[in-house]
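Trainee: I would like to learn how to read a ligand site and the pocket around it. Please show me with an example.

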Amino acid sequence: MKIGIYPGTFDPITHGHTDIITRSLRVFDKVIVAVAPNPSKHPLFNFSERLAMVQLVMKDLDQVDVTPFEGLLVDYVERSGAHAIIRGLRAISDFEHEFQMALINRKLAKTVETVFLMPSEEYSYLSSTIIKEVARHGGNLTEFLHPEVARRLEDRIRSLRL
Ligand code: ADP
């Protein structure tokens, strides 16, 4: 059984992330979505809120496990018996950072491979950062987020304004 690990901050999970997970299931028998705390990114949602939203969006996908993870990704990959790290590549702008990460991970653990998948064109411009910007300005989120995630994001933005 081939297992892939899809790590990320998911602040919050978007249709772009979901698209990558769905595509991964064509290559892997099981995908572990690993939610990282990433305090250096100053997430809008805390760790458990982000984890809960990923769990909610993934609840009908039996071959997907959602788990929190802390520490070095390659250690987690080896511990969980996974075969590869999955990352999404949107545009040239993602490439440099992702290339660097893949190579440092390979240096840290020779046998851990990184697999890059491209999202559907309609999600190629989508990022959690841009979605938070749209939400701050009252834009419509329905095309980009699961309805419950959209509701939680709108609530969070509203509560920050109070
Ligand atoms: P990180 O902080 O690890 O970059 P993110 O949640 O921002 O976490 O992203 C996780 C992964 O999903 C990254 O590989 C990122 O490039 C990818 N990703 C995010 N949004 C999209 C999208 N719209 N299309 C394809 N890949 C995406």
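Mentor: Start with polar contacts, that is, N or O atoms within 3.5 Å of each other. In this predicted model, an N or O atom in the side chain of His17 is 3.1 Å from an oxygen atom of the ligand. Arg87 places a polar side-chain atom 3.1 Å from a ligand oxygen, and for Tyr6 the corresponding distance is 2.6 Å.

Trainee: How much of the ligand's accessible area does the protein cover?

Mentor: On its own the ligand has 550 Å² of accessible area, and the protein covers 91% of that.

Trainee: Which elements give two or more residues to the shell around the ligand?

Mentor: Strands E1 (3-8) and E4 (84-88) do, as do helices H1 (15-24) and H4 (92-108). The shell has 18 residues, with Tyr6, Thr9, Lys41, Gly88 and Leu126 coming nearest. By type, seven are nonpolar, six polar and five charged.

Trainee: And how do I read the pocket itself?

Mentor: Rolling a probe the size of a water molecule over the atoms shows where empty space is left. Here the ligand takes up the space of the largest pocket, which holds about 950 Å³. Its lining counts 38 residues, and Gly8, Thr9, Lys41, Arg87 and Glu98 lie nearest the centre. Two or more lining residues come from each of E1, H1, E4, H4 and helix H5 (128-136).

Trainee: Which element gives the largest share of the lining?

Mentor: H4, with seven residues. The lining as a whole divides into 16 nonpolar, 15 polar and seven charged residues.

Note on methods: Residues are numbered from 1 along each chain as its sequence is written. This is a predicted model: local features need pLDDT of at least 70, side-chain atom pairs count only at pLDDT 80 or more; totals for chains, interfaces and linings use all residues. Side-chain values use heavy atoms; hydrogens and water are left out. A residue is near a molecule or strand if one of its heavy atoms lies within 4 Å of it. A polar contact is a pair of N or O atoms within 3.5 Å; within protein, one must be able to donate a hydrogen and the other to accept it, and residues adjacent in sequence count only if both atoms are side-chain atoms. Accessible areas come from the Shrake-Rupley method with a 1.4 Å probe; for residues, only the protein chains shown count as cover. On a 1 Å grid over the protein atoms alone, a cavity is a set of points where a 1.4 Å probe fits but cannot get out, and a pocket is an open set with protein on both sides within 12 Å along at least five of seven lines; lining residues have an atom within 4 Å of a point. A molecule sits in a cavity or pocket if more than half of its atoms lie within 2 Å of its grid points. Helices (H or I, at least four residues) and strands (E, at least two) are DSSP runs, numbered from the N terminus. Ala, Val, Leu, Ile, Met, Phe, Trp, Tyr, Cys and Pro count as nonpolar, Asp, Glu, Lys and Arg as charged, and the others, Gly among them, as polar. Grid points are joined across faces, edges and corners, and a volume is the space filled by probe spheres set on the points.
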